[in-house]
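Welcome! Have the sequence and the 3D view open side by side, and let us walk through this protein together.

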Amino acid sequence: MRERAMALALTFLVPVALRLLPLRMTLALCDAWPRSPGNRASAVALARRIDRWMQHGRFLWRPTCLTRALVLYTMLRQHGHTPELHIGARGPRLKFSAHAWVSLGGGVVAEPDASIAEYRLLIAHGA
């Protein structure tokens, strides 16, 4: 019960932190999030939970890939995993797009690998 309450609180705090704090401070908050002893849900189960919660929370925030990736990164850490957060960009300078995703053990969590291959890595954090 405590783990779910902490995870739910995280889904509210990360979007607020992203709006109010620089990215490095938001990452520090995510890295300092308490771990849950004894709980170790799978990465796919956590990703599904986050997607479900973010669908229900649309009135609170815009569910961006960065918000989702930060929440997933933190929840994976909370469950004892060692994830890595990635931020990349693609496209020409004036029409570029950016994307954030999480990997665990070298594999991308709950996203098609093909879509990630198009992005040039700008930031890797964790692990």
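## A walk through the sheet and the core

Strand β2, which covers residues 97-104, pairs with β3 in the antiparallel sense, and two bridges link them. Keep in mind that you are looking at a predicted model. β2 and β3 form a hairpin with two residues between them, and G105 in the turn has a positive phi of about 60 degrees.

| Hairpin | Residues between the strands | Turn residue and its phi |
|---|---|---|
| β1 and β2 | six residues | G91, about 95 degrees |
| β2 and β3 | two residues | G105, about 60 degrees |

As background, strands of a sheet pair through backbone hydrogen bonds, either parallel or antiparallel.

Next, stop at A89, which is found in strand β1. Is A89 buried or exposed? A89 is buried, because its relative accessible area is 11%, and buried means under 20%. Leaving aside neighbours within four places in sequence, A89 is in contact with F96, S97, A98, E118, Y119, R120 and L122. A89 and R120 are 31 residues apart in sequence, yet their C-alpha atoms are 5.3 Å apart in space.

Let us move to the largest nonpolar core. This core has 26 residues, and L72, M75, L76, L85, V102 and V109 touch the most other members. At least two core residues come from each of α1, α2 (23-32), α3 (43-56), α4 (65-78), β1 (83-90) and β2. The largest share, seven residues, comes from α4. Take L76 as an example: apart from neighbours within four places in sequence, L76 is in contact with A43, L46, H81, P83, V102, L104 and V109.

Finally, visit the surface. V16, L20, L21 and M25 make a nonpolar patch of about 370 Å². L20 lies in helix α1, which spans residues 2-20. L20 counts as exposed because its relative accessibility is 66%, and exposed means over 50%.

How values were computed
Residues numbered from 1 in each chain as written. Predicted model: local features only at pLDDT ≥ 70, side-chain atom pairs only at ≥ 80, totals over all residues. Heavy atoms only, no water. Patch = residues over 30% accessible without salt bridge, like charges linked within 9 Å, V, L, I, M, F, W, Y side chains within 5 Å. Areas by Shrake-Rupley, 256 points an atom, 1.4 Å probe, with all protein chains shown as cover. Salt bridge = Lys/Arg side-chain N within 4 Å of Asp/Glu carboxyl O. Helix = DSSP H or I, 4+ residues; strand = E, 2+ residues; numbered from the N terminus. Buried < 20%, exposed > 50% of the residue type's maximum accessible area, 1.4 Å probe, protein only. Pairing = 2+ DSSP bridges. Core = buried A, V, L, I, M, F, W, Y, C linked by side-chain atoms within 4.5 Å. Contact = heavy atoms within 4.5 Å.
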